[in-house]
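I opened my notebook and went through one structure entry by entry. Here is what I looked up.

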Amino acid sequence: YKLSVSPEMDIMEYCRKEWRGNTPVAKRMRKGYEAVAQKFASIRRIRGDNYCAFRATLFQALSQATQLPSWLQSEDLTMLPESLLNKYDWIKQWQLKQKPGKKMGEISDEIEEYLILLRKKWKNISEIKDPTEKQEACDKLFKNEEEEYSLYEALKFLMLNTAIELYNDDKNGRRVPVFSWLLFARDTSSNPCQLMHNHLNHIGHTGGLEQVEMFLLAYALQYTIQVYRLYKYSTDEFITLYPNDPEEDWPVVTLITEDDRHYNIPVRMCQETML
């Protein structure tokens, strides 16, 4: 049994434990953590199993959720697996984490269940007014492995849906965000089918999210993901936003990374920052 999200720890205490040496890298990491500590008091470690970007983002989103996002309220949400399958036969090759080898044709019902679960959990947690109770509900959800992985499966599917929409918009001459060109400029994902085969199907198994996929996740959730990239301290990429031109009304979640591969979360905003 592994904790998905470890208990809070003082940020600078964590930093001193992790980065003791006097190498240039250790010094830079310490400076980075000091900068984060100006805004946040604590850090929570996220379990690293190639789902950590999903885990960190979703945990932060649910921890501060006060309402159900409009896209989760939409009636069409649960119809999504079936309607996409009817248009794109290749989606049958979708790989489920819990059921490798099971073909998508048989599992559109399961993806529908995962989307319904995502809506239900988000709704329940967003309705909890007391911050301590809300935190406890999040902790409990991220201790239930089966539910947790079902939610990531829902997120992956929402990313695929978003990628298909962006790809079609671009083909039809509509404006798309710059990251969408970058996403489909890769040899391994020149269209949504390749994106699914070579990237989305592997997330959680053999790899995590690449940077351009962080943009896709942000668009799928309609959230701005703000990341402190500690190894980029003292450059203009130290705090990176996905997307970098966010919609004004998108909520913001904050993550920390030392290497763009593993993500942890800062918690407890310092009082003066909140004012």
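**Entry 1: the largest pocket**

I began with the lining of the largest pocket, and H7 gives the largest share of it, six residues. Helices here are DSSP runs of H or I with at least four residues, strands are runs of E with at least two, and both are numbered from the N terminus. I kept in mind that this is a predicted model, where local features need pLDDT of at least 70, side-chain atom pairs count only at pLDDT 80 or more, and totals for chains, interfaces and linings use all residues. Residues are numbered from 1 along each chain as its sequence is written, and side-chain values use heavy atoms, with hydrogens and water left out.

I also wrote down what a pocket is: on a 1 Å grid over the protein atoms alone, it is an open set of points where a 1.4 Å probe fits, with protein on both sides within 12 Å along at least five of seven lines, and lining residues have an atom within 4 Å of a point. Rolling a probe the size of a water molecule over the atoms shows where empty space is left.

How many residues line the largest pocket? I got 24, and Ser63, Gln135, Val267, Arg268 and Met269 lie nearest its centre. Two or more lining residues come from each of strand S2 (40-44), helix H3 (52-63), helix H7 (131-141), strand S5 (252-257), strand S6 (263-269) and helix H12 (271-274). The space in this pocket is about 810 Å³; a volume is the space filled by probe spheres set on the grid points, which are joined across faces, edges and corners. Sorted by class, the lining has nine nonpolar, seven polar and eight charged residues. For that sorting, Ala, Val, Leu, Ile, Met, Phe, Trp, Tyr, Cys and Pro are nonpolar, Asp, Glu, Lys and Arg are charged, and the others, Gly among them, are polar.

**Entry 2: H7 itself**

I then checked which residues of H7 are buried, and found Lys134, Cys138 and Leu141. Buried means under 20% relative accessible area, exposed over 50%, and partly exposed in between (1.4 Å probe, protein chains only). These three sit on the same side of H7, because they cover an arc of only 65 degrees around the axis. The arc is taken from the directions from the helix axis to the C-beta atoms. An α-helix has 3.6 residues a turn, so residues three or four places apart point the same way. Exposed Glu136 and Lys140 are on the face of H7 turned away from its buried side.

**Entry 3: the second largest pocket**

The second largest pocket holds about 430 Å³ of space. It has 19 lining residues, and the closest to its centre are Leu80, Leu158, Asn161, Thr162 and Glu165. Helix H5 (80-87), helix H8 (145-171) and helix H11 (211-221) each supply at least two of the lining residues, and H8 has the largest share with six. I noted ten nonpolar, six polar and three charged residues in this lining.

**Entry 4: histidine 199**

Is histidine 199 buried or exposed? Histidine 199 is buried, at a relative accessible area of 9%. I found it in the loop between helix H10 (192-198) and H11. Its side chain makes a polar contact of 2.7 Å with the side chain of threonine 188. A polar contact is a pair of N or O atoms within 3.5 Å; within protein, one must be able to donate a hydrogen and the other to accept it, and residues adjacent in sequence count only if both atoms are side-chain atoms. Setting aside residues up to four places away in sequence, histidine 199 touches Arg186, Thr188, Ser189, Gln194, Glu210 and Glu213 (contact means heavy atoms within 4.5 Å).

Most residues other than glycine have a negative phi, and most peptide bonds are trans. I looked for exceptions. The peptide bond from tyrosine 242 to proline 243 is cis, with omega near -10 degrees. Proline 243 is in the loop between strand S4 (239-242) and S5. Glutamine 222 has a positive phi, near 55 degrees, and is partly exposed at 32% relative accessible area. Serine 234 has a positive phi too, near 70 degrees; this residue is exposed, at 60%, in the loop between S3 and S4.
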